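Please work through each task before turning to its solution.

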Amino acid sequence: MMKKKKWQRFIFAVCFIGLFTACGNDDYNGPEPDEVTANYSNKLANGAEANLALTYSGNELIGKSVYFKTRDAKTAEITLLDIVPGEREASLTDVALIPVAEGYAFSGDVTNSINCSFHYTGKVEKGKLTIDLSNVQLPANLITTQRTWHTIPYTLTETTNIDSETGLEYTDEMHGVHFHSDNQLASSYTNLLEVIGGNILGSVLRNVYFNQDGNITTLYASMPQVNNFAGYLMPLPIRPESDYSLSPLNLATYYVKDHSLYVVPNIDMIIRLIQSNAAESRATSISEWEEIYRLINRWTTTGIRLNIVDDIKPEVIFEGFVIKHIGDMILYLDKDEVGILFKLLPLLKDAVQDLPMKDILIPMIDGLSTGLIDSEEFELGIVLSKSSMISEK
């Protein structure tokens, strides 16, 4: 008899739970599936109509879109568009929906097709999607194994060595910029460009951080460090740490594929930062940036591709002059990636009209424009080191 009563109580409990659950679903007056199935976006072009509240690693992220779809208000498919570094469309499937006030909540953990893992939480309601991505972990690669990379300070100190593989005598150069062109006219400016460019770079950029969540941040300072442009022809004094600031998160992300680094700028975040820092009271309108949008549209999706050189070798600048960059890695752009911009180089002449060295700079810009357009090989990159070389200056 006791066993029979226990069995009856068990059946009653099961029925009660089922009845309670069914009544709970019937009593919930949340939005219908077609009322929340939509593409949600917070791109600047949407203006006040932005209906996506997105945070990434604890910080607001704009300029993105998320597609949310549910057929039964019980599970959903969520597609993150150009949000997870290295994946154009990151799909979250069979996401369980929990009825909450005016909508549905959801959360979960995922490791996607490129082995990037993250945690997500959010809520959808009629006309709005809120979602947060946290604990984002990119797969290990030759960039993330060394999180902090240092720029190279320019110095006149040089040493001569013999390359063990080729027998070439070369000079170690502390230039933070690498430049190469097979065009004779363009290559004639190699040393000047590496000196000036490397000196400016070392002045305004101290460190580059490749964060595990795919964010790129930098320790940077403002220009100019010297009032006369000619001052960049000589080594600059070491700037105090107080000159430098850490760049905000979510301005640019990265991923590594086939021994190349892809940097994806977030144009909406960058434009809003520029607007917030503008000295003028009038904010820059989106229409004024349309040309920039068209120019770098591809970069904002697939990213800017930089070739990775992790074994720096001597290179011939011109006959009888061989150098080797001091550092552990070079990241450089090639003509396939930026060749379309060479036709815009003459625009730089307007920017140097008021500089004391304009008589030198304008002919150099003309020569580079012609030479680079005619070139077949082109490399422009940044030299980075695993350890700081500031103390060696």
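The exercises below concern a predicted model and proceed from the whole chain to single residues.

**Exercise 1. The chain as a whole**

Solution: 
- Step 1. Among contacts with a separation of 6 or more, 61% are between residues 24 or more positions apart.

**Exercise 2. The nonpolar cores**

Task: Determine which residues have the most contacts inside the largest nonpolar core, and state which residues Leu-331 touches.

Solution: 
- Step 1. The largest nonpolar core has 75 residues, and Phe-68, Leu-80 and Leu-331 have the most contacts inside it.
- Step 2. Helix H9 (residues 358-374) supplies the largest share of this core, with six residues.
- Step 3. Another core, of seven residues, lies apart from it; Ile-152, Met-174, Ile-330 and Tyr-332 are among its members.
- Step 4. When residues up to four places away in sequence are not counted, the residues that Leu-331 touches include Ile-143, Phe-210, Leu-261, Leu-306 and Leu-380. Asn-307 and Gly-381 are also among them.

**Exercise 3. Aromatic pairs**

Task: Classify the ring pair of Phe-106 and Tyr-120, then the ring pair of Tyr-255 and Tyr-262.

Solution: 
- Step 1. The structure holds six aromatic pairs.
- Step 2. The rings of Phe-106 and Tyr-120 are 6.4 Å apart from centre to centre, with 40° between the planes, and the pair is tilted.
- Step 3. Phe-106 belongs to strand E8 (residues 103-111) and Tyr-120 to strand E9 (residues 117-125), 14 residues apart. Both Phe-106 and Tyr-120 are buried.
- Step 4. For Tyr-255 and Tyr-262, the ring centres are 4.9 Å apart and the planes meet at 5°, so this pair is stacked.
- Step 5. Tyr-255 has 15% relative accessibility and therefore counts as buried. Tyr-262, at 17%, also counts as buried.
- Step 6. Ring pairs link Phe-68, Phe-106 and Tyr-120 into a cluster.
- Step 7. A charge over a ring is found at Tyr-244: Arg-239 lies over its face, 5.9 Å from the ring centre.

**Exercise 4. The surroundings of Arg-305**

Task: Is Arg-305 buried or exposed, and which residues does it touch?

Solution: 
- Step 1. Arg-305 is located in strand E20 (residues 304-309).
- Step 2. Its relative accessibility is 17%, and buried means under 20%, so Arg-305 counts as buried.
- Step 3. Beyond four places in sequence, Arg-305 touches, among others, Ser-260, Tyr-262, Tyr-332, Asp-334, Asp-336 and Glu-337.
- Step 4. Arg-305 and Asp-336 are 31 residues apart along the chain, and 9.5 Å separates their C-alpha atoms.
- Step 5. A polar contact of 3.1 Å connects the side chains of Arg-305 and Asn-307.

**Exercise 5. The surroundings of Asn-207**

Task: Which side chains make polar contacts with the side chain of Asn-207?

Solution: 
- Step 1. Asn-207 lies in strand E15 (residues 205-210). With a relative accessible area of 9%, Asn-207 is buried.
- Step 2. The side chain of Asn-207 makes a polar contact of 2.8 Å with that of His-150, and one of 3.1 Å with that of Tyr-209.
- Step 3. Neighbours within four places in sequence aside, Asn-207 is in contact with Thr-148, Trp-149, His-150, Thr-217, Thr-218 and Leu-219.

Key: Residues are numbered from 1 along each chain as its sequence is written. This is a predicted model: local features need pLDDT of at least 70, side-chain atom pairs count only at pLDDT 80 or more; totals for chains, interfaces and linings use all residues. Side-chain values use heavy atoms; hydrogens and water are left out. A nonpolar core is a set of buried Ala, Val, Leu, Ile, Met, Phe, Trp, Tyr and Cys residues joined through side-chain atoms within 4.5 Å. Buried means under 20% relative accessible area, exposed over 50%, partly exposed in between (1.4 Å probe, protein chains only). Helices (H or I, at least four residues) and strands (E, at least two) are DSSP runs, numbered from the N terminus. Contact means heavy atoms within 4.5 Å. Rings of Phe, Tyr and Trp (its six-membered ring) pair if their centres lie within 6.5 Å; planes under 30 degrees apart count as stacked, over 60 as edge-to-face and the rest as tilted. A charge sits over a ring if NZ of Lys or CZ of Arg is within 6 Å of the ring centre and within 35 degrees of the ring normal. A polar contact is a pair of N or O atoms within 3.5 Å; within protein, one must be able to donate a hydrogen and the other to accept it, and residues adjacent in sequence count only if both atoms are side-chain atoms.
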